[in-house]
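This briefing walks through selected features of one protein model, grouped by topic. Please keep the sequence and the 3D view at hand while reading.

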Amino acid sequence: MYDYRTGILDWKTAGLPVEGTSAQQPRLVDVVRRDVPTCSLGERLGDVRDRAGTAGWDACVVVSDGHVVLGLLRAAELRGDQDQLVDQAMRPGPSTYRPFVPVAELRGIMSDRNLESSPVTTSDGRLVGLVRWQDVGLGTIDP
């Protein structure tokens, strides 16, 4: 028995079990990649590109000291001038999604907007991870 007082959305965000008609529906918490590279505003793009590439990624999430999402560097931005600073190259304020969002819902959004990836955050904006095109069942995409 849990004595949980915060709310059902926080419960779902934590990936805890739920009941009801949508209980079996896959949610972003089930597919989010938590190993996404992160970077900060003052870093050089070349350093971030090297670090992301070594980890097998073509994206990097820009976060604050408190791990709040500030921006996103996708493949196109990472190919920029290696001496440029992250804050000049990033896509500021990307749309973020909560872990309890159904995978099918984000699949539609990513397909309609041709998004390579989408950050997943808590309700206070802290990074949970990144969901890529193939994570929601859309195959691969040419950036």
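Predicted model: local features only at pLDDT ≥ 70, side-chain atom pairs only at ≥ 80, totals over all residues.

**Loop residues with positive phi**

- H67 has a phi near 70°, which is a positive value in a residue other than glycine.
- With a relative accessibility of 35%, H67 counts as partly exposed, because that class covers the range between the 20% limit for buried and the 50% limit for exposed.
- N114, also a residue other than glycine, has a positive phi near 55°, and N114 is placed in the loop that runs between α6 (103–113) and β5 (117–121).

**The sheet**

- An open sheet is built from 4 strands in the order β1-β2-β3-β4, and the pairing within this sheet is mixed.
- The edge positions are taken by β1 (38–39) and β4 (91–92), each of which has a single partner strand, so one side of each is left without a neighbour in the sheet.
- The strands β3 and β4 run antiparallel and are joined by 2 bridges; across this pair, G71 stands opposite P92 in β4.

**Nonpolar cores**

- In soluble globular proteins, nonpolar side chains tend to be buried together.
- Here the largest nonpolar core has 20 residues, and those with the most contacts inside this core are C39, V48, V61, L73, V86 and L130.
- Two or more residues of this core come from each of α3 (45–54), β2 (60–63), β3 (69–73), α5 (86–89) and β6 (127–132), with β2 giving the most, namely 4 residues.
- L73, one of the residues with the most contacts inside the largest core, touches C39, L45, V48, D58, A59, C60, V62, L78, V86, A89 and M90, when residues up to four places away in sequence are not counted.
- Another core, of 15 residues, lies apart from the largest one, and its members include F100, V101, I109 and V131.

**Aromatic side chains**

- The count of aromatic pairs comes to 0, where a pair would require ring centres within 6.5 Å.

Conventions. Residues numbered from 1 in each chain as written. Heavy atoms only, no water. Core = buried A, V, L, I, M, F, W, Y, C linked by side-chain atoms within 4.5 Å. Buried < 20%, exposed > 50% of the residue type's maximum accessible area, 1.4 Å probe, protein only. Contact = heavy atoms within 4.5 Å. Phe/Tyr/Trp six-rings, centres within 6.5 Å; stacked < 30°, edge-to-face > 60°. Pairing = 2+ DSSP bridges.
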